[in-house]
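Me: Please take a close look at one part of this model. I want to know how it packs against its neighbours.

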Amino acid sequence: MIYDALIAPFIDFEFMRRALAGVIALALGGAPIGVFLMLRRMSLVGDAMAHAILPGAAVGFLFSGLNLFAMTFGGLIAGFSVALLAGLVSRVTEIKEDASLAAFYLVSLALGVTIVSMRGTNIDLLHVLFGNILAMDDQTLLVIAFNATITLVILAVIYRPLVIECVDPVFLRTVSRAGAPAHLAFLALVVINLVNGFHALGTLLAVGLMVLPAGIARFWSRDITGMMMIAVASAAISGYLGLVLSFQTKVPSGPAIILVAAALYVVSVLFGTVSGLVRQLFPGRHLEA
């Protein structure tokens with residue numbers, strides 16, 4: 001019974017194995033980025049950036065249909081453009097960066113939906129907004145795996161300034177000039193992983209496997225390395241159980257994955273060893289002198 005429910009779908013069906021490989025790649029690349037988004041208090045910025053890639057992907061769809069490379073290239077250009085424009089507006093005007101991103105987020109979402117609706121059908125629109133990881137082909141999987149590899153390599157290079165900036169940005173500015181380049185590289189990694197998530201989970205859910213696993217990890221560890229490992233593990237587990245749930249029921253694959261991650265988040269809020277509600281209500285005994 002357990003074998004039929006949890007293992008057999010991945011042995012019997014190639015599309016399930018491909019989807020599982022895609023989820024693991026998304027977890028490896030996106031979850032560590034989500035941890036830094038959380039520590040830098042940029043989680044909602046990540047959500048806004050997820051919608052910012054929609055017009056570029058929609059333009060790629062307008063010219064080439066559901067073409068992998070056209071939509072990927074368009075999404076990357078749109079994501080980078082919105083990040084730069086939002087930063088520029090916040091620097092040359094009195095508008096704060098969060099308000100600037102919110103404006104671009106709303107415009108991007110409306111523009112992207114309009115472009116897709118002009119060319120495609122409601123099915124195409126649902127595919128763009130919510131994705132379909134079970135329909136992932138080999139080319140899409142290779143792109144996701146390549147982007148995840150690039151993410152891990154660049155993250156290893158900029159890891160130290162990112163960590164220092166999370167803890168003490170003023171100190172980083174006084175001892176090094178690596179803060180600004182690391183921040184720009186980090187924003188580029190955010191866009192790349194949002195495009196990754198877009199292909200598997202769609203625009204509306206792309207940020208889910210970045211933010212929720214990071215939130216889960218925060219309730220189980222205070223160490224950044226520990227948080228990253230827990231985030232990757234929870235993202236992979238959420239993907240696996242979500243695919244099983246989708247296969248066994250009529251729940252779409254993308255929402256199923258995010259719902260499982262949300263369930264793990266609720267468990268972490270209640271029982272997490274770091275600031276979990278149960279831990280706060282029933283603290284353990286402290287050592288007495």
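Reply:

H12 and H13 are oblique to each other. Angles under 35 degrees count as roughly parallel, over 145 as roughly antiparallel, 65 to 115 as roughly perpendicular, and the rest as oblique. This is a predicted model, with residues numbered from 1 along each chain as its sequence is written. Local features need pLDDT of at least 70, side-chain atom pairs count only at pLDDT 80 or more, totals for chains, interfaces and linings use all residues, and side-chain values use heavy atoms, without hydrogens and water.

The axes of H12 (residues 208-218) and H13 (residues 224-248) come within 8 Å and cross at roughly 125°. Helices here are DSSP runs (H or I, at least four residues), numbered from the N terminus. Axes are lines fitted to C-alpha atoms over the stretch in contact, and angles run from 0 to 180 degrees between N-to-C directions. H12 passes H13 in a right-handed crossing (the near helix is turned clockwise from the far one by less than a right angle). On H12, Leu-209, Pro-213, Ala-214, Ile-216, Ala-217 and Arg-218 make the contact; on H13, Met-227, Ile-230, Ala-231, Ser-234 and Ala-235 do. Contact means heavy atoms within 4.5 Å. By class, this contact has nine nonpolar, one polar and one charged residues. Ala, Val, Leu, Ile, Met, Phe, Trp, Tyr, Cys and Pro count as nonpolar, Asp, Glu, Lys and Arg as charged, and the others, Gly among them, as polar.

Next comes H14 (residues 253-271). Its axis and that of H13 come within 7 Å and cross at roughly 130°. That makes H13 oblique to H14. This crossing is right-handed too. H13 residues including Ser-234, Ile-237 and Leu-241 meet H14 residues including Ala-256, Val-260 and Leu-264. The contact divides into nine nonpolar, six polar and no charged residues.

H3 (residues 14-39) is another partner. The axes of H3 and H13 come within 8 Å and cross at roughly 145°. The crossing is right-handed. The contact has 23 nonpolar, one polar and no charged residues.

Definitions and conventions: Helix = DSSP H or I, 4+ residues; strand = E, 2+ residues; numbered from the N terminus.
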